[in-house]
Every structure is written in structure tokens, then in C-alpha cells.
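Dear colleague,

Please find below the sequence and structure for your review. A summary of the findings follows them.

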Amino acid sequence: PFWKHHIFISLFLQLGTRLHDESKKRVPTDKYIKKYDILINSTGRGTAGRIAQINNVPCKTIVDGHMIIIRANDQVTQRYLGYALKAHQQKVLQLDEGSTGQTELDRERLLEEIIISYPESLDIQKKIVALLERIDEKIELNNKINDNLEQQAVLKVDQYFSATTKIVALSEIMDFVNGFAFQSSTYLPVGQYRIITIKNVQDGRIDSAGAAYIDCLPERMKKNCILEIGDALMSLTGNVGRVGIVCEDSLLLNQRVAKIVPHYKNFLPFLYFIFRKSSIKTQMESMAKGTAQLNLSPIEALNLSIPFERMTALAISKILKPIYQAIISNNQQNILLTALRDALLPKLMSGELDVSELDI
């Protein structure tokens with residue numbers, strides 16, 4: 001048949017060897033990361049099962065024991081396989097063992113339960129990849145634009161810091177709003193609201209992928225836990241000090257994630273880009289406590305002192321506001337592009353959408 005359906009992943013995948021301290025012994029050539037290798041994070045509460053494909057390998061690189069390498073045989077192209085696995089990202093995230101503490105991906109279930117479809121023709125596979133890559137290229141371009149915008153904004157904050165001598169504690173100009181302790185027993189596969197946890201707070205953005213759903217708001221939950229587009233959040237556990245901007249509706253604030261709330265609303269862009277400074281993040285990390293995983297106290301974080309002069313800060317925040325809004329706009333476009341790509345994926349890979357006649 002032209003299309004192969006319901007093929008178990010174990011029929012055409014190689015599971016990469018887990019590498020530990022390879023500095024003390026010779027590494028076989030085939031154990032180095034190759035271009036388009038697919039990596040799956042195998043451990044971590046809420047992160048086990050995350051999939052990434054390596055587009056560029058600037059130097060010799062090996063993986064540690066927390067990564068699985070996936071490579072295809074000659075039935076599928078490596079690039080196609082990367083997209084096929086990403087189409088099953090949600091299911092792979094559910095293949096973790098354990099319910100508390102550190103969890104680990106169930107590798108046997110990964111090989112046995114993930115089933116994909118693929119065209120026998122490698123040319124058709126390449127056309128599907130080319131179509132999807134065009135969407136990803138636009139997403140990557142938006143990310144690069146945002147990176148550049150953030151660099152410009154942080155540079156302006158640096159210049160402001162250098163010119164300001166008055167020092168105040170963060171508590172004098174802002175507060176942290178803590179999230180609600182949602183009960184996992186209320187989570188749904190789909191629903192009206194998604195719950196934003198520490199795993200969703202990435203550097204510079206809020207990634208709602210993999211977020212749990214609920215349909216009804218808890219009675220004891222405060223209204224300020226209902227997030228709005230433009231809110232800025234910080235992670236308080238694990239990778240503490242990471243901040244990102246909310247760019248979607250119907251998101252709820254979970255515990256151990258804090259919302260940055262300035263005493264004067266117009267200061268939000270100013271505060272956000274302060275927290276995006278690497279030196280500030282380092283200070284947040286140094287305040288965090290814990291052995292199994294770091295925890296940052298919002299009260300201690302608010303004791304951090306920064307240069308601050310009200311009128312100057314207000315002026316620079318007005319300059320930073322359009323940069324802040326441009327980042328939101330680019331992130332929202334990426335959310336739509338990602339949704340488009342993810343909607344096309346199953347249709348292309350099942351043959352529902354025929355690309356054989358397309359000149360790509």
C-alpha cells in the first residue's frame with residue numbers, strides 16, 4: 001500500500017545508548033549527536049517525554065543518562081520521523097512512571113505504544129517535511145526577532161542602571177501574586193482552562209504545551225489567578241527565576257509560579273526586562289534553597305535591591321512598552337502557526353492531505 005498505517009515505533013527505531021561519564025573512556029563514533037537526531041528527555045517531574053530534534057551540531061556532543069536518542073532506519077527519513085514523533089508529544093509525555101518526585105519515561109511503552117503512519121515513498125516524506133519546515137522557519141524567525149528585541153530592551157535597562165544611583169527594594173515597587181494549589185484529581189484531558197505550572201514557564205515565554213485542563217474554577221481560588229494576556233510570570237521552583245509573558249487566554253496560575261504585579265501598572269515592561277537580565281536571574285538563583293530542587297521565597301526575592309528613580313523608570317518603561325507588545329504579538333503568531341502545523345501533521349501523515357502533486 002502507498003501508506004503504512006499503525007506501525008509500531010519499535011519496528012523502525014533505534015534507541016540511543018544512555019551515556020554517562022564518557023570523559024574517562026573512548027566514545028564510539030556513532031554515539032555522538034548527529035544532525036537531525038531526535039532527543040527525548042527521560043527523567044524529571046513534568047518534563048520526562050519532551051521531544052526535540054537537533055538541527056545543527058556545531059561540535060562533538062554526547063548525551064548524558066537523562067536523554068534517549070532516536071534514529072530511523074531506511075523506511076523513513078530522520079526529519080520525517082522527528083515530525084511524526086512530535087505529533088505524538090502529548091502521548092509521550094504521559095509515558096512517565098511514578099506520581100511523585102522524580103519520574104522517568106517508560107522506554108518499553110515508548111517503543112510499543114507509539115504508533116505512527118508514514119508514506120512508503122521517501123519523496124512524499126520529503127515533501128511533507130518541506131511543507132512543515134516552512135511553518136517552522138517562520139516560527140524560528142519570530143523567535144530570533146524576539147531575541148533581538150529582548151537584547152535591545154535589556155541594554156536599555158543596563159544603561160538605566162548605570163545612570164541611577166538611588167537603590168530601593170523590589171517590595172517598594174511591586175508584589176508577587178502566588179498561584180492556587182490545584183488538585184490533580186480535577187484535571188481533565190481537555191477543558192475550558194489550562195493550568196500553568198513551573199514547567200510551562202520558559203525563558204521569555206509561557207509555553208502551555210502539556211498543561212492540564214479543568215472546566216470549573218475552584219471556589220477558593222482568587223480571581224487574580226485567572227491570567228490575562230500581557231501578564232508576566234516567574235518560576236519559584238526548579239529552574240527558579242525564569243520569567244515569561246502570557247500570550248493566551250484561559251490560563252490559570254498554579255502554585256510555585258508567581259505573577260509579577262507592579263504597584264503602578266505602567267512599570268510592568270520595565271520590571272519584566274529587569275528580571276530578564278542574567279545578573280538578576282543569578283541573584284534569584286543564589287537566594288533559592290533546597291537540595292532535591294531549588295525553591296525561591298517570594299518574600300526574600302522582594303528584598304532584592306535595584307537602582308530606581310520613579311520618573312526615569314517611568315520614561316524608560318514607555319520606551320520598553322512597544323518592545324514588550326511586539327514580543328507578545330510575535331509569540332501569539334507563533335501559537336497560531338504551531339496550531340496550524342499540529343493540525344496539518346496528522347492529516348499529512350495519514351495521507352488525508354495529498355502532497356504528491358505539490359511542487360515543493
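In helix 5, the buried residues are Leu 268, Pro 269, Phe 270, Leu 271, Tyr 272, Phe 273, Ile 274 and Phe 275. The helix is thus described as mostly covered, with eight of its eight residues buried. Here, buried means under 20% relative accessible area, exposed means over 50%, and partly exposed lies in between (1.4 Å probe, protein chains only). Helices (H or I, at least four residues) and strands (E, at least two) are DSSP runs, numbered from the N terminus.

Please note that this is a predicted model, in which local features need pLDDT of at least 70 and side-chain atom pairs count only at pLDDT 80 or more, while totals for chains, interfaces and linings use all residues. Residues are numbered from 1 along each chain as its sequence is written, and side-chain values use heavy atoms, with hydrogens and water left out.

Two helices pack against helix 5, and the packing is as follows.

Helix 4 and helix 5 pack at an angle of about 95 degrees, and their axes are 9 Å apart. They are therefore roughly perpendicular to each other. Axes are lines fitted to C-alpha atoms, for helices over the stretch in contact, and angles run from 0 to 180 degrees between N-to-C directions. Angles under 35 degrees count as roughly parallel, over 145 as roughly antiparallel, 65 to 115 as roughly perpendicular and the rest as oblique. Contact means heavy atoms within 4.5 Å. Of the residues in this contact, nine are nonpolar, none is polar and one is charged. For this count, Ala, Val, Leu, Ile, Met, Phe, Trp, Tyr, Cys and Pro are nonpolar, Asp, Glu, Lys and Arg are charged, and the others, Gly among them, are polar.

The axes of helix 5 and helix 8 come within 7 Å and cross at roughly 75 degrees; these two helices are therefore also roughly perpendicular to each other. Leu 268, Pro 269, Phe 270, Tyr 272 and Phe 273 of helix 5 meet residues of helix 8 that include Ala 313, Ile 316, Leu 320, Tyr 324 and Ile 327.

The largest nonpolar core has 45 residues, and Leu 170 and Phe 275 have the most contacts inside it. A nonpolar core is a set of buried Ala, Val, Leu, Ile, Met, Phe, Trp, Tyr and Cys residues joined through side-chain atoms within 4.5 Å. Among the elements that each supply at least two residues of this core are helix 4 (122–163), helix 5 (268–275) and helix 8 (310–350). Helix 8 gives the most, with eight residues. Beyond its neighbours within four places in sequence, Phe 275 is in contact with Leu 170, Met 174, Phe 176, Met 234, Val 243, Ile 260, Ile 280 and Met 284. Another core, of 31 residues, lies apart from this one and includes Ala 84, Ile 116, Leu 132 and Leu 344.

As for the protein overall, there are eight helices and 19 strands, and buried residues make up 46% of the 360 residues.

With kind regards
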